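Look at the fold of each chain first, then at the places where parts meet.

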Amino acid sequence: MFSFLNGKSPFDEAEERLEAGETVNGKPKLPTGPIMGWQDGVFLLVIIGLIVGGYQYYQYVKRNCAETFAACDALYVAAGQDASKFAEVETCYEATWDLAFVSDTLEVLRQNRLGEIEDMRNAQKDLLANANVALDKGDTAAAAKIVTEYKGAMLLYTGDKSEWDEIVKIAEIQAAKEAAKVAAEPAAE
Amino acid sequence: MEAAISEQMNARLSEIREKFAGFSDPDDKWKFLLDLARAHKGMDAALKAEKFIIQGCASTMYLVPNFDGAKIHFEMDVEGGTTNPLISRGLGALALKVYNDMAPADILAVDPKFFQDIGLNVGLSPTRSNGFASLVKQIYLYARVFAALTKK
């Protein structure tokens, strides 16, 4: 067991000296040796170092977390003006999963913001489903209208995104055809 | 319907009702759900079969029922890929706090609107709200099936 006193109390030591007849003015001679050995000193320094280092690391982690969340928050505010930025907001919050320390308040914020973006994704999925229904009915104009009117961020995952991009291409072809038709009309007159 | 609720179930409902009534800050509810999520034990990976996935949840939520002839024991877990869907897990844990280890009749005696009445849906994103509704619906479905089995 570790002890600063080498297993002895100063009183034990004094008692031993008193028993051996060692006295100063009739009182036991008090121990005069060092309070602790060098090994104990090193051990104490290591403990203090660990405590200080741990505290500094905790402060660093906390600061890093606050800064990362502040950056995500700034992106979120910017996305309020430009909805296409919500994909970046999501990426930013997703990156916070790697942080070692997240307070409950920030956890709630992260969960709610990611939940909000998930809702947007689901809304876009619904639009994609509607566009596909229109395509199935052969109404390419309606499908094109759905995707072109969407001003939000591209939040769909790979499979759905490719479908969406296909419909965007159809919409572009549709728009080009319309433009060509309009351009051809005066010439026909 | 309220009259048929067992004492044990009533105690559970009262506890949750009181808990929600005591929330003074809007964040309290979310923190409570986070605590429930963190305290909730997951389930054995072997149980995570596709048939146990709750449809309509943004995250992958598994609900496995185990009926011992008297009570239904549920196991629930949520997976979110790279994310940690704590709110969804907390919602699942809350549902289990009410319905787990209860007889089918006890479960069916509870009005599922209970969660709406305590204000759970307030501020809950539509996706999570729908996911939670799907989970509760599935619990009632299992309860109806096991209730029918015990009648036979």
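Helices (H or I, at least four residues) and strands (E, at least two) are DSSP runs, numbered from the N terminus. By that count, chain B has 6 helices and 2 strands. Keep in mind that this is a predicted model.

**Chain B**

- The elements of chain B run α-α-β-β-α-α-α-α from the N terminus on.
- Chain B has a radius of gyration of 15 Å, close to the 15 Å that the globule rule gives for 152 residues, so chain B is as compact as a globular protein of that length.
- Along the principal axes, the C-alpha atoms of chain B fill a box of roughly 45 × 35 × 25 Å.
- Of its 152 residues, 34% count as buried.
- Take the contacts in chain B with a separation of 6 or more: residues 24 or more positions apart account for 72% of them.

**Chain A**

- Chain A comes to 6 helices and 2 strands.
- Here the order from the N terminus on is α-β-β-α-α-α-α-α.
- Chain A has 189 residues, of which 17% count as buried.
- Among contacts in chain A between residues at least 6 apart in sequence, 57% join residues at least 24 apart.

**Inside chain A: α3 against α4**

- Helix α3 (residues 86-95) of chain A packs on α4(A) at an angle of about 140 degrees, and their axes are 10 Å apart.
- Angles over 145 degrees count as roughly antiparallel, and 65 to 115 as roughly perpendicular.
- The crossing of α3(A) and α4(A) is left-handed.
- On the α3(A) side, A:Phe86, A:Val89, A:Glu90 and A:Tyr93 make the contact.

- A:Gln124 lies in helix α4 of chain A.
- Is A:Gln124 buried or exposed? A:Gln124 has 20 C-beta neighbours inside 10 Å, so A:Gln124 counts as buried. The cut-off for buried is 20 or more.
- Which residues does A:Gln124 touch, leaving aside its neighbours within four places in sequence? They are A:Tyr150, A:Gly152, A:Leu155 and A:Leu156.
- A:Gln124 and A:Glu172 are 48 residues apart in sequence. Their C-alpha atoms are 19 Å apart in space.

**Where the chains meet**

- In chain A, 13 residues are in contact with 14 residues of chain B.
- Helix α4 (residues 104-136) of chain A gives the most to the side of chain A that touches chain B, with 11 residues.
- That side of chain A has 3 nonpolar, 4 polar and 6 charged residues.
- The axes of α4(A) and helix α2 (residues 26-39) of chain B come within 10 Å and cross at roughly 95 degrees. The range for roughly perpendicular is 65 to 115 degrees, so α4(A) is roughly perpendicular to α2(B).
- From α4(A), the contact uses A:Asp104, A:Thr105, A:Glu107, A:Val108 and A:Gln111. From α2(B), B:Asp27, B:Trp30, B:Lys31 and B:Leu34 take part.
- The residues of this contact of α4(A) with α2(B) divide into 3 nonpolar, 2 polar and 4 charged.

Terms used:
Residues numbered from 1 in each chain as written. Chains lettered and ligands numbered in written order. Predicted model: local features only at pLDDT ≥ 70, side-chain atom pairs only at ≥ 80, totals over all residues. Contact = placed C-beta atoms within 7 Å. Nonpolar A, V, L, I, M, F, W, Y, C, P; charged D, E, K, R; others polar. Rg over C-alpha atoms; globule rule 2.2 N^0.38 Å. Buried ≥ 20, exposed ≤ 12 C-beta atoms within 10 Å, placed from the backbone. Axes fitted to C-alpha atoms, helices over the stretch in contact; angles between N-to-C directions. Left-handed = near helix turned anticlockwise from the far one by under 90°. Parallel < 35°, antiparallel > 145°, perpendicular 65-115°, else oblique.
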